[in-house]
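Colleague: I am new to this structure and would like to learn how to read it. Could you take me through its features one at a time?

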Amino acid sequence: MAWQPSAWAGWVYFTNNNHASNEYYFSPVENKGKVKILRTFTQLPIDAKVPNHTPKAVVKVTLYNYSSEQSSYELNCQEQTIQLTERIFYRDGAGKMPFITHTVKDAFIQGSNSEFAKQFIKTPVRFDDIKHYRMHEVACK
């Protein structure tokens, strides 16, 4: 089942992301044994850019504007690790028109050392980062 932010039932205000954008998380958090799956949805005040990889094109990576995005994270509460596993990008702020999805399993993500691809690396939860702290607080309560 795809989680559509346009069906706002279950989405709870999370943070204002340092006054840059409104961010929500989907409640309840999904429990998959050792890990919890936390989904967030962010509405941006201005369009941002997302890379899209087309291996057979002359220009391999093109940047496209997006207005909102939904991310899925795996949090291991016991090991205190976090990993971004999926990002869905939307043309509209309400999350009704998805057009690019990136997952941790994409060859483009696995084969790249770009800052964008580095987001998908499993890391320890950084409790000095307010977003990491809040994500851990929500998922591991």
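This is a predicted model: local features need pLDDT of at least 70, side-chain atom pairs count only at pLDDT 80 or more; totals for chains, interfaces and linings use all residues.

Colleague: Let us begin with the disulfide. How many does a search of the whole structure find, and which residues does a disulfide join?

Modeller: The general idea is that a disulfide is a covalent bond between the sulfur atoms of two cysteines. In this structure the search finds one. Cys77 is joined to Cys140, with 1.9 Å from S to S.

Colleague: Where do Cys77 and Cys140 lie, and what does the pair tie together?

Modeller: Cys77 sits in the loop between β5 (61-76) and β6 (81-90), and Cys140 is in the segment after α3 (130-139), so the pair ties together parts that are 63 residues apart in sequence. Another pair of positions can be compared in sequence and in space: Cys140 and Asn76 are 64 residues apart in sequence and 8.4 Å apart in space, C-alpha to C-alpha.

Colleague: Why is the disulfide of Cys77 and Cys140 called left-handed?

Modeller: The torsion about the S-S bond is about -85 degrees, so the disulfide is left-handed.

Colleague: What is the relative accessible area of Cys77, and what is that of Cys140?

Modeller: Cys77 has a relative accessible area of 22% and is partly exposed. Cys140 is also partly exposed, at 22%. Buried would require a value under 20%.

Colleague: What is the volume of the second largest pocket, and which residues line it?

Modeller: The second largest pocket has a volume of about 230 Å³. Among the residues that line it are Glu30, Lys32, Arg39, Glu74, Glu86 and Lys105. β3 (30-32), β4, β5 and β6 each give two or more residues to this lining. Its classes are two nonpolar, three polar and six charged.

Colleague: Next, the nonpolar cores. Which residues in the largest nonpolar core touch the most other members?

Modeller: That core has 20 residues, and Leu75, Phe116 and Met135 are the ones that touch the most other members. Two or more residues come from each of β4, β5, β6, α1 (107-110), α2 (115-118) and α3. A second, separate core has six residues, including Tyr24, Phe26, Ile88 and Tyr90.

Colleague: What does Leu75 touch, not counting residues up to four places away in sequence?

Modeller: With those set aside, the residues it touches include Val35, Leu38, Ile82, Met135, His136 and Ala139.

Colleague: His136 is in that list. Where is the place of His136, and is it buried or exposed?

Modeller: His136 is in helix α3. Its relative accessibility is 15%, so His136 counts as buried. Leaving aside neighbours within four places in sequence, His136 is in contact with Leu75, Cys77, Gln80, Val125, Phe127 and Lys141. This list includes Cys77, one of the two cysteines of the disulfide.

Colleague: One last residue. Where does Phe120 lie, and is Phe120 buried or exposed?

Modeller: Phe120 is in the loop between α2 and β8 (123-124). Phe120 has a relative accessible area of 3% and is buried. Beyond its neighbours within four places in sequence, Phe120 has contacts that include Leu84, Glu86, His102, Val104 and Ile109. Phe120 and Trp11, in turn, are 109 residues apart in sequence and 23 Å apart in space, C-alpha to C-alpha.

Note on methods. Residues are numbered from 1 along each chain as its sequence is written. Side-chain values use heavy atoms; hydrogens and water are left out. A disulfide is a pair of cysteine sulfur atoms within 2.5 Å. Helices (H or I, at least four residues) and strands (E, at least two) are DSSP runs, numbered from the N terminus. Buried means under 20% relative accessible area, exposed over 50%, partly exposed in between (1.4 Å probe, protein chains only). On a 1 Å grid over the protein atoms alone, a cavity is a set of points where a 1.4 Å probe fits but cannot get out, and a pocket is an open set with protein on both sides within 12 Å along at least five of seven lines; lining residues have an atom within 4 Å of a point. Grid points are joined across faces, edges and corners, and a volume is the space filled by probe spheres set on the points. Ala, Val, Leu, Ile, Met, Phe, Trp, Tyr, Cys and Pro count as nonpolar, Asp, Glu, Lys and Arg as charged, and the others, Gly among them, as polar. Contact means heavy atoms within 4.5 Å. A nonpolar core is a set of buried Ala, Val, Leu, Ile, Met, Phe, Trp, Tyr and Cys residues joined through side-chain atoms within 4.5 Å.
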